[in-house]
Amino acid sequence: KWKIMVYSGLDDSIVNQAQTQTILNGFGRTIKTNQWQSWNLPYWEGPGEQLGGFWIEWDRMTWAGVRNSGHMVPMYNPPAAFELFQSYITLGRPGRM
C-alpha cells in the first residue's frame, strides 16, 4: 500500500496550509483523527523538545505543517525539515510525540 505525506510551511503566503488542506480534503479520503496533533523536534542546543508544527492524518495520507517556515521548508527551517522527513520515514508519522 502507498502512503503519502504532504507538508506546508505555516508561514507560507503563496500556497498556504488552508489551500493545501482544501485540496487534500477534495480527495475524499477518510480522516483517521478529526483533530490536529502537534509534532515536536529536539532542541539543537541542550535537552528538551520544541514544537515543530501540527499534523492531521487521512487514510494513507498525512499533512504536516511546519512552524516558522515559508514556502521552501528545508531552506527556511532545516532542523524541522530534517526531523519531519526522518520521523516520517522511520515512524510513519511526523516528529516525536
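**A helix, its sheet and its charges**

Visitor: What reaches the backbone nitrogen of Ala18 at the start of α1?
Guide: A side-chain oxygen of Asn16 does, coming to within 3.1 Å of that nitrogen. A polar contact is a pair of N or O atoms within 3.5 Å; within protein, one must be able to donate a hydrogen and the other to accept it, and residues adjacent in sequence count only if both atoms are side-chain atoms. Helices (H or I, at least four residues) and strands (E, at least two) are DSSP runs, numbered from the N terminus.

Visitor: Before we continue, what kind of model is this?
Guide: This is a predicted model, in which local features need pLDDT of at least 70 and side-chain atom pairs count only at pLDDT 80 or more, while totals for chains, interfaces and linings use all residues. Residues are numbered from 1 along each chain as its sequence is written, and side-chain values use heavy atoms, leaving out hydrogens and water.

Visitor: Back to α1, then. Which of its residues are buried?
Guide: Within α1 (residues 17-25), the buried residues are Thr20, Gln21 and Leu24. Seen down the helix axis, they fall within an arc of 95 degrees, so they line one face of α1. The arc is taken from the directions from the helix axis to the C-beta atoms. Buried stands for under 20% relative accessible area, exposed for over 50%, and partly exposed for values in between (1.4 Å probe, protein chains only).

Visitor: And what does the face turned away from that buried side carry?
Guide: That face of α1 carries the exposed residues Thr22 and Ile23.

Visitor: What covers the buried residues of α1?
Guide: The cover includes β1 (4-9), β3 (49-58) and β4 (61-66).

Visitor: In what order do the strands of the sheet come?
Guide: The sheet is open, with four strands in the order β1-β4-β3-β2 and mixed pairing. The edges belong to β1 and β2, which have a single partner strand each, so one side of each has no neighbour in the sheet. On average, neighbouring strands are turned by 30 degrees against each other, direction ignored. Strands β2 and β3 pair in the antiparallel sense over six bridges; two strands pair if DSSP finds at least two bridges between them. Ser38 stands opposite Phe54 of β3.

Visitor: Which strands does α1 touch, and at what angle to β4?
Guide: Helix α1 packs on the sheet, touching β1, β3 and β4, and its direction makes about 175 degrees with that of β4. Contact here requires heavy atoms within 4.5 Å. Axes are lines fitted to C-alpha atoms, for helices over the stretch in contact, and angles run from 0 to 180 degrees between N-to-C directions.

Visitor: Where does α3 lie?
Guide: Helix α3 (residues 78-91) lies across β1, β2 and β4, and runs at about 110 degrees to β2.

Visitor: Changing topic: how many salt bridges are there?
Guide: The count comes to three salt bridges, each being a side-chain nitrogen of Lys or Arg within 4 Å of a carboxyl oxygen of Asp or Glu. Glu57 pairs with Lys3, their closest N and O atoms being 3.7 Å apart. Glu57 lies in strand β3 and Lys3 in the segment before β1, so this pair ties together parts that are 54 residues apart in sequence.

Visitor: What of Lys32?
Guide: Its side chain meets that of Glu57 in a salt bridge at 3.8 Å, N to O.

Visitor: Which residue does Asp59 meet?
Guide: Asp59 meets Arg29 in a salt bridge of 2.8 Å, N to O. Asp59 is in the loop between β3 and β4 and Arg29 in the loop between α1 and β2 (37-42), so the pair ties together parts 30 residues apart in sequence.

Visitor: Last topic, the backbone. What is phi of Arg60?
Guide: Phi of Arg60 is near 65 degrees, a positive value in a residue other than glycine. Arg60 sits in the loop between β3 and β4. Asn68, also not glycine, has a positive phi near 60 degrees and is found in the loop between β4 and α2 (73-76).
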